[in-house]
Amino acid sequence: MERTLVLIKPDGVQRGLVGEIIKRFENTGLKIVGMKMVYADEKRASKHYTDDESWLKSVGEKTLKSAEKRGIKMDRTALEQGKWIRELLMSYLTMSPLVALVLEGNEAVGKVRLITGPTNPQEAPPGTIRGDFSVDSYQLGDQLERPIQNLIHASENPKEAEREIKVWFNKEELHFFKRVDEDLIYRKGKKE
Ligand code: CDP
Ligand code: MG
């Protein structure tokens with residue numbers, strides 16, 4: 001059983017998409033074990049988007065690759081680009097309240113990433129949250145000097161999920177209970 005962190009970022013809350021987004025995760029059978037609305041401050045935002053060098057590089061790399069695809073050669077290194085995006089992310093995450101969720105279930109991390117779709121909404125297929133509810137793109141973000149407003153944060157792997165859950169929730173805020181469909185979803189095939 002896995003747990004994963006989802007943030008419905010401030011643009012999702014401002015656009016009134018909280019219910020629609022939660023519904024999509026909940027419908028799969030994933031269980032909400034933690035949920036709250038938070039007006040994040042810079043400190044919380046910088047704990048969430050750490051200044052870990054490998055993460056900064058990978059975020060920067062994504063942008064450089066996407067620019068390259070559009071025939072644009074950027075003169076920043078991946079790390080410089082990552083640092084720049086992190087600065088912008090601080091103001092995005094703190095601009096208005098967000099909704100934080102912890103979802104639990106079979107391979108929850110990967111499932112939530114699939115439902116969320118790729119980082120760039122213009123590359124996100126229909127059926128995904130980013131594909132269905134956003135027209136944003138790297139290009140538009142760059143042009144307006146802001147990060148891509150892609151509605152959701154979702155942990156990328158179980159290790160990241162474990163760390164991120166701790167940034168937003170303490171132990172008492174995570175709950176233990178059974179969904180009524182759990183016996184069906186996790187039932188054994190063979191009769192005892
Ligand atoms: O959120 P996701 O895991 O898909 O992407 P990330 O690479 O971890 O980047 C975190 C967030 O930074 C993204 O969700 C975007 O909001 C923002 N970002 C951006 O604005 N421009 C980029 N080139 C890369 C990321
Ligand atoms: Mg990420």
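1. How many residues does the largest nonpolar core have, and which of them have the most contacts inside it? This core has 23 residues, and those with the most contacts inside it are L5, L7, L93, L98, V102, W168 and F169. A nonpolar core is here a set of buried Ala, Val, Leu, Ile, Met, Phe, Trp, Tyr and Cys residues joined through side-chain atoms within 4.5 Å, where buried means under 20% relative accessible area, exposed over 50% and partly exposed in between, with a 1.4 Å probe and protein chains only.

2. On conventions, this is a predicted model, in which local features need pLDDT of at least 70 and side-chain atom pairs count only at pLDDT 80 or more, whereas totals for chains, interfaces and linings use all residues. Residues are numbered from 1 along each chain as its sequence is written, chains are lettered from A and ligands numbered from 1 in the order in which they are written, and side-chain values use heavy atoms, with hydrogens and water left out.

3. The core draws at least three residues from each of domain 1 (1-39 + 97-142 + 150-192) and domain 2 (42-95), with bounds that come from an automatic or database domain assignment.

4. Leaving aside residues up to four places away in sequence, L7 touches H48, L93, L98, V99, A100, L151, I152, H153 and W168, a contact being heavy atoms within 4.5 Å.

5. A search of the whole structure finds 2 cavities of 30 Å³ or more. On a 1 Å grid over the protein atoms alone, a cavity is a set of points where a 1.4 Å probe fits but cannot get out, a pocket is an open set with protein on both sides within 12 Å along at least five of seven lines, and lining residues have an atom within 4 Å of a point. Grid points are joined across faces, edges and corners, and a volume is the space filled by probe spheres set on the points.

6. The largest cavity has a volume of about 430 Å³ and is lined by 27 residues, of which V59, I85, L89, T119 and N150 lie nearest its centre. Because domain 1 and domain 2 both give residues to this lining, the largest cavity lies between them. Helix 5 gives the most to the lining, with 6 residues, which divides overall into 13 nonpolar, 7 polar and 7 charged; Ala, Val, Leu, Ile, Met, Phe, Trp, Tyr, Cys and Pro count as nonpolar, Asp, Glu, Lys and Arg as charged, and the others, Gly among them, as polar.

7. The second largest cavity holds about 50 Å³ of space and is lined by M1, G29, K31, E104, G105, E182 and Y186.

8. Turning to the open spaces, the largest pocket contains about 270 Å³, and of the 13 residues that line it, T50, D52, W55, E160 and R163 are the closest to its centre. Helix 9 gives the most to this lining, with 4 residues, and the lining divides into 2 nonpolar, 5 polar and 6 charged residues. At least three lining residues come from each of domain 1 and domain 2.

9. About 180 Å³ of space lies in the second largest pocket, where helix 9 provides the largest share of the lining, 5 residues. By class, this lining has 5 nonpolar, 1 polar and 4 charged residues.

10. Two residues deserve a check of the backbone. E145 has a phi near 55 degrees, a positive value in a residue other than glycine, and L151 likewise has a positive phi, of about 70 degrees. E145 is found in the loop between helix 8 (138-144) and strand 4 (152-154), and L151 lies in the loop between helix 8 and strand 4 too. E145 is exposed, with a relative accessible area of 58%, whereas L151 is buried, at 0%.
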